[in-house]
Amino acid sequence: MFTSINPATGAEGATFEALEDDAIDAALARAEAAFRSWRVTGIAQRAALLNAIADQFETNKLHLAETATKEMGKTLSSAVAEVEKCVAGFRHYAQKGPAYLEPVETKTASGRSVGHWLPLGPVLAVMPWNFPYWQVVRWLAPTILAGNVGLLKHASLTQGCAALIQQMVSAAGAPDGVFQNLAIKSDKVSRIIADRRVAAVTLTGSEGAGAKVAEAAGRALKKVVLELGGSDPFIVMPSADLDKAVATAVKARVQNAGQSCICAKRMIVHAHVYDAFLEKFTAAMLAVKIGDPMADGIEMGPLSSVEQRDTVLEQLERATAAGAKLVGGGKIERDGAWMSAGVLTDVDPDADFAQEEIFGPVAMVFRADDLDAAIALANDVPFGLGSSVWTQDQAEIDRFVRDIESGMTAVNQMLASSPEAPFGGVKLSGHGRELGPWGLHEFMNLKAVMLPS
């Protein structure tokens, strides 16, 4: 049994029955049957379904957003923006996706080769609670267009959102079994991955969860894509527009109450502008407006759960015990999952907490003496998801792009995902890519057809 709990109030909401083995087997049988017909459905018909799902998301935008806010605490305005992004994601693959599936022709010594993009089969997605719609859509839209079928294992916190996704897809006219929401516990995942009817698996979540899924996929010799944690650097150099950098750093740190893999978590600031940045940044972090996530003008709601808040507070305790200074915020605001935005300085980069991902609204601020020191600090964690760099110097930009160990780098802006651009990381942040043609091709067979000249 799953029970939705509103982190802003602690009130219990809807309950959802967890599927047992017989129901899981029935779902896998439906997926197998659906794939046999969906794989030979025309690409234009698949694209039309994506547009129809986008219409459903657009029509039901407010209901979808309110459910996300009630289940995991994000502000209503950000939840609405998330649903709008989902609409854009579906429409992107409906409009641009067919071109991504055009055959690829190359010359060979004996003639020519034509590569055809063919679907693999049912794909299992293990998804997190922090962006309960967008995380799913960036897998589901390319899955449907590819001719694969989807099986969703969503987070226990956001079963209401998962059920709504199923409703949207069904209302759009999807054939039975093309997408199925599986309300299952985590201990059922390995069994599903091992099942012969499942072709591949993707996971967005922690590195621990990713390791377990990768191990299960490895035993079954199945393709896996992993988008895991991040401790993204936000680097500010002397030539940066300091006020813009500060404003963006605050937004990048407290969006979704700091619960985003690509939140800026480590502010690495050149010594020449460190003091000015820290003063402005700390003041702005302490001024973040916290309150009812359903209300207008609120910048940050509660964390997703009391347990998540306590995890962040425990990291803060270890940080201050190791000599870091909490120069502001990072306090319990009220009963429940609430806490204020916080700023840590004098952080030892080698301390255990500094090597972890802080999945909450607390920023670590580091001083870097020069460009090389900034890059070294940026790379001195086991993660490599995203990064943001602030400078007007093209030579510095070139160095950051070349030398920062991350899957993505934003220049003079906040890092954000986009349907058109590849999304993913390196090191413990995972492997594989989502979005654009790359996300579509991850779970497809590029079959080479050898032909004479």
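A crossover counts as right-handed if, with the strands pointing away from the viewer, the path from the first strand over the helix to the second runs clockwise. With that in hand, here are my notes.

1. What you are looking at. This is a predicted model, in which local features need pLDDT of at least 70 and side-chain atom pairs count only at pLDDT 80 or more, while totals for chains, interfaces and linings use all residues. Residues are numbered from 1 along each chain as its sequence is written, and side-chain values use heavy atoms, with hydrogens and water left out.

2. A β-α-β unit. Strand β10 (residues 232–236), helix α9 (residues 242–254) and β11 form a right-handed β-α-β unit. Helices here are DSSP runs of H or I with at least four residues, and strands are runs of E with at least two, numbered from the N terminus.

3. The neighbours of β11. This strand pairs in the parallel sense with β10 over 5 bridges, and F234 has M267 of β11 as its bridge partner. Strand β14 (residues 362–368) also pairs with β11 in the parallel sense over 5 bridges; there, V269 has R367 of β14 as its bridge partner. Pairing requires that DSSP finds at least two bridges between two strands.

4. How enclosed is β11? Because 7 of the 7 residues in β11 (residues 264–270) are buried, the strand is largely enclosed by the rest of the structure. Buried means under 20% relative accessible area, exposed over 50%, and partly exposed in between, using a 1.4 Å probe and protein chains only.

5. Cavities. On a 1 Å grid over the protein atoms alone, a cavity is a set of points where a 1.4 Å probe fits but cannot get out, and lining residues have an atom within 4 Å of a point.

6. The lining of the largest cavity. Of its 15 lining residues, R138, W139, P142, G439 and F443 are the closest to the centre. Two elements, α5 (134–146) and α14 (436–441), each give two or more residues to the lining, and α5 supplies the largest share, 5 residues.

7. Cysteines. The count comes to 0 disulfides, a disulfide being a pair of cysteine sulfur atoms within 2.5 Å. The sulfur of C161 lies 10 Å from the closest cysteine sulfur, in C86, too far for a bond. C86 is buried, with a relative accessible area of 0%, and C161 is buried with a value of 0%.

How values were computed
1 Å grid on protein atoms, 1.4 Å probe; cavity = no way out; pocket = protein on both sides within 12 Å on 5 of 7 lines; lining within 4 Å.
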